[in-house]
Amino acid sequence: MAGRHLRDMISAYGERDDLKFRRAAQAIIQEEEAKRHNVLARELRGILAANSALAVTEEPALPEVPVDRDSSLPLAYTSRPDAMLTDLVLGDQPATSLKALLNEVRQWSRLDKMGLPRRNRLLLSGPPGCGKTSTVEALAGELGRPLVTARVEGLISSYLGETAANLNNLFEFASSGPYVLFLDEFDSLGKRRDDPSDHGELRRVVNAVLQQIDRYAGPSLIVAATNHSGVLDSALWRRFDTIVELPLPTATEITELLSRLLPELPFDEIRGLANELNGRPHAAVEYFAYWVRRSAALDDASTPDPVHLHRALSETLSRPWM
Ligand SMILES: Nc1ncnc2c1ncn2[C@@H]1O[C@H](COP(=O)(O)OP(=O)(O)OP(=O)(O)O)[C@@H](O)[C@H]1O
Ligand SMILES: [Mg+2]
């Protein structure tokens, strides 16, 4: 993986992204330590420390998120993903849109200086298992920002007035630092909006969320995800300045994913398997590949044989994926 860290380091230089540079440098140092190149690792650590105002041995602590007063549960959980967009197999359109957005986020201060509005609200839509969560993780990884994940459902408290406080607290938190704020299950809002059984309180909740998104002018990137673009009405769609569809993978994309996950298989075999898996999400392809790997490993086989492949395929195809 040293290649990847070197690539990150060089692109960080071009992007003037100090944090990304230091993360890549740290990853390289850790690799050298793992190889027991202790003298070199110590020397690199010293150089990095001498040139940095921040401690290099540890990342800054993850921020503490507010809790729901009723349940005492956190309104979100934080992580520091080290995923990258290149870890994913994406179609041309989503890949281009996401790279363009990343490029802008890295240069928000330039846009600010020119008085141009930032794009900071992204909606990811697509069927389950096609990479919404993975994409948000990769965006946070690429930007070197903590990921703050909230389930929209979890913000809605059974206590009157508490929901509004939760929303205020969450968005205030997102204004306190440059994070990627992920609102998962965003469609639950759309459903609630139209549900005739809902009374005024819920309608107020939905409007409060929309207002928070509208008003948001902080340093975080807000990302929402939905499985059901159909249930989002135009008032919800309108809140997002960028919408990226993550559809089911094409046969070519499944082939690419399989070649990455099962590189020891001949290409013709992979193409045949991709045809069989066509119409299933990325998650199914991954499930298949891990099944193959596990059964080959348990049989002490150095490469998977037709029995492993056949069994994994029938297990994968017999499961409901959507
Ligand atoms: N584009 C992709 N390239 C490679 N792997 C992928 C891709 N999309 C999804 N996967 C794999 O499939 C699994 C499920 O993906 P993920 O959780 O990101 O889907 P999701 O769209 O968030 O699903 P859900 O709607 O159920 O939340 C992950 O383990 C991930 O590694
Ligand atoms: Mg998800």
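**Figure 1. Ser134 and ligand 1 in the predicted model.** Let's start with the side chain of Ser134, where an N or O atom lies 2.5 Å from an oxygen atom of ligand 1. Lys132 also takes part through its side chain: here an N or O atom is 2.8 Å from an oxygen atom of the ligand. Thr133 contributes through its backbone instead, with a polar atom 2.9 Å from a ligand oxygen. On its own, ligand 1 has 630 Å² of accessible area, and the protein covers 75% of it.

**Figure 2. The shell around ligand 1.** Here we step back to take in the 15 residues around the ligand. Those that come nearest are Val89, Lys132, Ser134, Asn227 and Glu286. By residue type, the shell is made up of 7 nonpolar, 6 polar and 2 charged residues.

**Figure 3. The pocket that holds ligand 1.** The ligand is found in the largest pocket. Two helices, α6 (132-143) and α14 (282-298), are the elements that each give two or more residues to the shell around ligand 1.

**Figure 4. Ligand 1 between two domains.** The domain assignment divides the protein chain into domain 1 (2-50), domain 2 (77-245) and domain 3 (251-317). Ligand 1 lies between domain 2 and domain 3 because both give residues to the shell around it.

Definitions and conventions: Residues are numbered from 1 along each chain as its sequence is written. Chains are lettered from A and ligands numbered from 1 in the order in which they are written. This is a predicted model: local features need pLDDT of at least 70, side-chain atom pairs count only at pLDDT 80 or more; totals for chains, interfaces and linings use all residues. Side-chain values use heavy atoms; hydrogens and water are left out. A residue is near a molecule or strand if one of its heavy atoms lies within 4 Å of it. A polar contact is a pair of N or O atoms within 3.5 Å; within protein, one must be able to donate a hydrogen and the other to accept it, and residues adjacent in sequence count only if both atoms are side-chain atoms. Accessible areas come from the Shrake-Rupley method with a 1.4 Å probe; for residues, only the protein chains shown count as cover. On a 1 Å grid over the protein atoms alone, a cavity is a set of points where a 1.4 Å probe fits but cannot get out, and a pocket is an open set with protein on both sides within 12 Å along at least five of seven lines; lining residues have an atom within 4 Å of a point. A molecule sits in a cavity or pocket if more than half of its atoms lie within 2 Å of its grid points. Helices (H or I, at least four residues) and strands (E, at least two) are DSSP runs, numbered from the N terminus. Ala, Val, Leu, Ile, Met, Phe, Trp, Tyr, Cys and Pro count as nonpolar, Asp, Glu, Lys and Arg as charged, and the others, Gly among them, as polar. Domain bounds come from an automatic or database domain assignment.
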